[in-house]
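Try each task on your own before you read the solution.

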Amino acid sequence: MDRSQTEPDITVIVPTLNEAANLEVVLPELEEVLDRLPGEHEVIVVDGGSVDDTVATAHAVLPDAEVVEQARAGKGNAVATGLEHAEGDVVVMFDADGSADPEEIPAFVEALVEGADFAKGSRFTEGGGSSDITPVRRAGNAALNTVANTAFGTEFTDLCYGYNAFWADMTPVLDLPDASTPAEPGEPEMVWGDGFEIETLINVRMAASGAEITEVPSVERDRIHGESNLHAVRDGLRVLRTIIVERMRLSAGKMVAAPRARRARRAALRETTAA
């Protein structure tokens with residue numbers, strides 16, 4: 001992959017579970033923004049077994065979208081499934097409930113083109129905000145954020161936010177479980193990394209790899225229809241476990257190193273500047 005290009009192709013991964021009503025609004029908004037950007041783009045809708053018309057709605061509203069079914073449960077498995085199908089230079093993680101503003105995608109892409117490996121959305125940096133987060137979730141996020149920053153020497157301002165983008169050649173760093181293997185009978189529907197801990201997992205593995213990380217201000221909007229599948233206490237505990245387990249993996253030397261492509265790109269940029 002050539003990172004020297006300033007107009008990268010973009011893959012947007014949209015995990016869904018019973019989001020038919022939201023997709024009617026979200027997908028046209030998303031497509032309108034992507035059509036204004038240079039380069040090619042693709043939208044991958046990953047469905048987690050919806051019992052409403054999510055799949056049919058995705059096909060009807062955005063016929064060019066690739067719609068795939070995930071093999072196991074959970075947002076993390078949906079992201080991993082989307083990554084297995086992604087063909088773009090840049091990957092954008094995008095929620096289907098209307099909380100993510102597609103108008104912010106150019107800012108994420110710009111951060112990557114300017115040198116970041118990972119563009120991390122933040123509601124709590126200057127220019128960010130949220131009309132959706134509850135006081136309990138805000139307090140929990142702040143506490144988990146402090147724990148993660150202490151454990152990994154990072155300066156994240158928003159650990160548990162899922163609006164992120166990264167160069168596709170950083171995917172090996174994430175070292176996610178195989179997405180296409182169904183759960184065996186009698187085994188849990190989700191393996192490690194399949195749940196809402198995926199945002200934290202991505203954040204800390206990027207950081208541990210030495211990736212160049214830029215926070216991008218993001219304003220979280222209200223969900224349009226329905227209720228979130230997030231459970232503050234249960235999923236907060238999964239995030240805490242993620243921090244502990246990942247810190248142990250780092251200590252044991254099991255983290256995946258950042259790809260050589262990043263170092264090669266920086267060398268090429270230095271040569272270009274010198275010339």
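**Exercise 1. Find out whether Thr-16 is buried or exposed, and list what Thr-16 touches.**

Step 1. Thr-16 has a relative accessible area of 5%, so Thr-16 is buried. Buried means under 20% relative accessible area, exposed means over 50%, and partly exposed lies in between (1.4 Å probe, protein chains only).

Step 2. Thr-16 belongs to strand β1, residues 10–16. Helices (H or I, at least four residues) and strands (E, at least two) are DSSP runs, numbered from the N terminus.

Step 3. Leaving out residues up to four places away in sequence, Thr-16 touches Leu-23, Val-45, Val-46, Asp-47, Gly-48, Ser-50, Thr-54 and Ala-96. Contact here means heavy atoms within 4.5 Å.

A note on the source: this is a predicted model, with residues numbered from 1 along each chain as its sequence is written. Local features need pLDDT of at least 70, side-chain atom pairs count only at pLDDT 80 or more, totals for chains, interfaces and linings use all residues, and side-chain values use heavy atoms, with hydrogens and water left out.

**Exercise 2. Describe the nonpolar cores and the contacts of Ile-105.**

Step 1. A nonpolar core is a set of buried Ala, Val, Leu, Ile, Met, Phe, Trp, Tyr and Cys residues joined through side-chain atoms within 4.5 Å. The largest one has 51 residues, and the members that touch the most others are Val-12, Leu-30, Val-43, Ile-105, Phe-166 and Met-206.

Step 2. Beyond four places in sequence, Ile-105 touches Val-12, Leu-30, Leu-34, Leu-37, Val-92 and Tyr-163.

Step 3. There is also a second, separate core of 10 residues, which includes Ala-151, Phe-152, Val-239 and Ile-243.

**Exercise 3. Classify the pair Phe-94 and Tyr-163, then the pair Phe-118 and Phe-166.**

Step 1. Rings of Phe, Tyr and Trp (its six-membered ring) pair if their centres lie within 6.5 Å; planes under 30 degrees apart count as stacked, over 60 as edge-to-face and the rest as tilted. The structure holds 3 aromatic pairs.

Step 2. Phe-94 and Tyr-163 are edge-to-face, at 5.6 Å centre to centre and 85° between the planes. Phe-94 sits in the loop between β4 and α4 and Tyr-163 in the loop between α5 and β7, so this pair ties together parts that are 69 residues apart in sequence. Phe-94 is buried at 1% relative accessibility, and Tyr-163 is buried at 2%.

Step 3. The ring centres of Phe-118 and Phe-166 are 6.4 Å apart with planes at 55°, so that pair is tilted. Phe-118 is in strand β5 and Phe-166 in strand β7, so the pair ties together parts that are 48 residues apart in sequence.

Step 4. Phe-94, Phe-108 and Tyr-163 form one aromatic cluster.

**Exercise 4. Look at the backbone of Asp-175 and Asn-18.**

Step 1. Most residues other than glycine have a negative phi.

Step 2. Asp-175 has a positive phi of about 50°, and Asp-175 lies in the loop between α6 and α7. Asp-175 is partly exposed, at 39% relative accessible area.

Step 3. Asn-18 also has a positive phi, near 60°. Asn-18 is in the loop between β1 and α1 and is partly exposed, at 36%.
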